[in-house]
Amino acid sequence: MRFVIQRVSESEVKVDGETLGKIGRGFMVLIGVSDSDTREIADRMVKKMLGLRIFEDENGKTNLSLDSVGGELLLISQFTLYANCKKGNRPSFIEAGAPEDAAKMYEYIIEKCKEQVSVVERGEFGADMKVSLVNDGPFTIILDSETL
């Protein structure tokens, strides 16, 4: 499982011109799922993400977590995080999870986040989404379950 976490001052996702999710200060997270991912892996990834202390405290040190600042989440599924570009110029996505299983895992991650975060917005699995954001910092963290 892979999460690309961007600390944002605002972010929005649209499908066919309609806003599906919109947040202020928080994390916009791109989520990639592989066939080998489990709920236990998702639990570990969510725990790590929500515990990240990447917001500045009163001294300008990145010492505060999402919860500490009343931050919001925008969760976007993105199978392309499993693009394999080793051979040729056309990426292979064979390492990405099967759509039906990945969709279930995406829904599971959303529900786990809702248990701890008051504002959790989302995209639409498999849709052609338009995502906009203002990356605060910029600050981007990549979490990969294989390296946690």
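Phe27 is buried, with a relative accessible area of 0%, where buried means under 20% relative accessible area, exposed over 50% and partly exposed in between, taken with a 1.4 Å probe and protein chains only. This is a predicted model, in which local features need pLDDT of at least 70 and side-chain atom pairs count only at pLDDT 80 or more, while totals for chains, interfaces and linings use all residues. Residues are numbered from 1 along each chain as its sequence is written, and side-chain values use heavy atoms, with hydrogens and water left out.

**Aromatic rings**

- The structure holds three aromatic pairs, a pair being rings of Phe, Tyr and Trp (its six-membered ring) whose centres lie within 6.5 Å, with planes under 30 degrees apart counted as stacked, over 60 as edge-to-face and the rest as tilted.
- One of these is the stacked pair of Phe27 and Phe55, at 5.5 Å centre to centre and with 15° between the planes.
- Because Phe27 belongs to strand β3 (residues 26–32) and Phe55 to strand β4 (residues 55–56), this pair ties together parts that are 28 residues apart in sequence; helices (H or I, at least four residues) and strands (E, at least two) are DSSP runs, numbered from the N terminus.
- Phe55 is likewise buried, its relative accessible area being 0%.
- Phe79 and Phe93 make an edge-to-face pair, with 5.0 Å centre to centre and 70° between the planes.
- Phe79 and Phe93 both lie in the loop between β6 (72–77) and α2 (99–114), so their pair ties together parts that are 14 residues apart in sequence.
- Phe93 counts as partly exposed, at 31% relative accessibility.

**Nonpolar cores**

- A nonpolar core is a set of buried Ala, Val, Leu, Ile, Met, Phe, Trp, Tyr and Cys residues joined through side-chain atoms within 4.5 Å.
- The largest such core has 30 residues, of which Phe3, Phe27, Val29, Met49, Leu73, Leu75 and Ile109 touch the most other members.
- At least two residues of this core come from each of β1 (2–15), β3, α1 (39–51), β6 and α2, and the largest share, seven residues, is supplied by α2.
- Leaving aside residues up to four places away in sequence, Ile109 touches Met1, Phe3, Ile31, Ala42, Val46 and Leu75, contact meaning heavy atoms within 4.5 Å.

**Cysteines**

- The count of disulfides comes to zero, a disulfide being a pair of cysteine sulfur atoms within 2.5 Å.
- Cys85 counts as exposed at 53% relative accessibility, whereas Cys113 counts as buried at 0%.
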